[in-house]
Amino acid sequence: QLRLVESGGGLVQPGGSLRLSCAASGFTLDYYAIGWFRQAPGKEREGVSCLSSSGHSTNYADSVKGRFTISRDNAKNTVYLRMNSLKPEDTAVYYCAARWATMNSEVCGIQSREYNSWGQGTQVTVSS
């Protein structure tokens with residue numbers, strides 16, 4: 001059974017950093033693209049970043065480019081989202097999601113409709 005579990009959220013001051021983790025089980029990341037999404041209260045879900053099944057190609061929303069970095073650890077079957085220079089507007093519930101892809105694909109997107117397996121989310125709050 002495919003399962004995604006996010007962790008690493010919390011309360012951080014503006015300018016601070018957090019690293020979110022997305023632990024995958026029941027499948028190997030070699031055949032799945034992974035995306036990170038977020039949803040703030042009263043707002044639609046927003047695509048943040050994605051990593052292709054090759055583990056090499058990435059995409060980022062303009063709002064996080066240069067501040068967030070997506071990566072993965074194949075041995076741990078886990079994808080990370082490193083978030084630096086956090087701003088109050090980054091406050092949201094962050095979700096990771098998976099969609100099947102061919103092995104070593106270099107393509108991924110950050111449209112939520114592309115993904116069919118989701119984690120439960122982790123809260124990130126940026127506030128002084």
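A: The largest nonpolar core has 29 residues, and those that touch the most other members are Phe27, Trp36, Phe68, Leu81, Met83 and Tyr94. A nonpolar core here is a set of buried Ala, Val, Leu, Ile, Met, Phe, Trp, Tyr and Cys residues joined through side-chain atoms within 4.5 Å. Buried means under 20% relative accessible area, exposed means over 50%, and partly exposed is in between, with a 1.4 Å probe and protein chains only. The elements that give two or more residues to this core are strands 3, 4, 5 (46–51), 7, 8, 9 and 11 (122–126). Strands (E, at least two residues) and helices (H or I, at least four) are DSSP runs numbered from the N terminus. In soluble globular proteins, nonpolar side chains tend to be buried together.

The model is predicted: local features need pLDDT of at least 70 and side-chain atom pairs count only at pLDDT 80 or more, while totals for chains, interfaces and linings use all residues. Residues are numbered from 1 along each chain as its sequence is written, and side-chain values use heavy atoms, with hydrogens and water left out.

Not counting residues up to four places away in sequence, Phe68 touches Arg38, Val48, Tyr60, Leu81, Arg82, Met83, Asn84, Leu86, Asp90 and Tyr94, where contact means heavy atoms within 4.5 Å.

A salt bridge is a side-chain nitrogen of Lys or Arg within 4 Å of a carboxyl oxygen of Asp or Glu. Asp90 lies in the loop between strand 8 (78–83) and strand 9 (92–100) and Arg38 in strand 4, so this pair ties together parts that are 52 residues apart in sequence. Both Asp90 and Arg38 are buried, Arg38 at 6% relative accessibility. Arg38 has a salt bridge with Glu46 as well, the closest N and O atoms being 2.8 Å apart; Glu46 is partly exposed at 30%. Salt bridges that share partners join Arg38, Glu46, Arg67 and Asp90 into one network.

The count comes to 6 salt bridges. Among them is the one between Arg72 and Asp30, whose closest N and O atoms are 3.2 Å apart. Arg72 lies in strand 7 (68–73) and Asp30 in the loop between strand 3 (18–25) and strand 4 (32–39), so the pair ties together parts that are 42 residues apart in sequence. Arg72 counts as buried at 18% relative accessibility, whereas Asp30 is partly exposed at 27%.

Further out is Glu106, in the loop between strand 9 and strand 10 (117–118), partly exposed at 42% relative accessibility. Glu106 and Ser57 are 49 residues apart in sequence and 5.4 Å apart in space, C-alpha to C-alpha. The side chain of Glu106 makes a polar contact of 2.5 Å with that of Ser57 and one of 2.9 Å with that of Ser54. A polar contact is a pair of N or O atoms within 3.5 Å; within protein, one must be able to donate a hydrogen and the other to accept it, and residues adjacent in sequence count only if both atoms are side-chain atoms.
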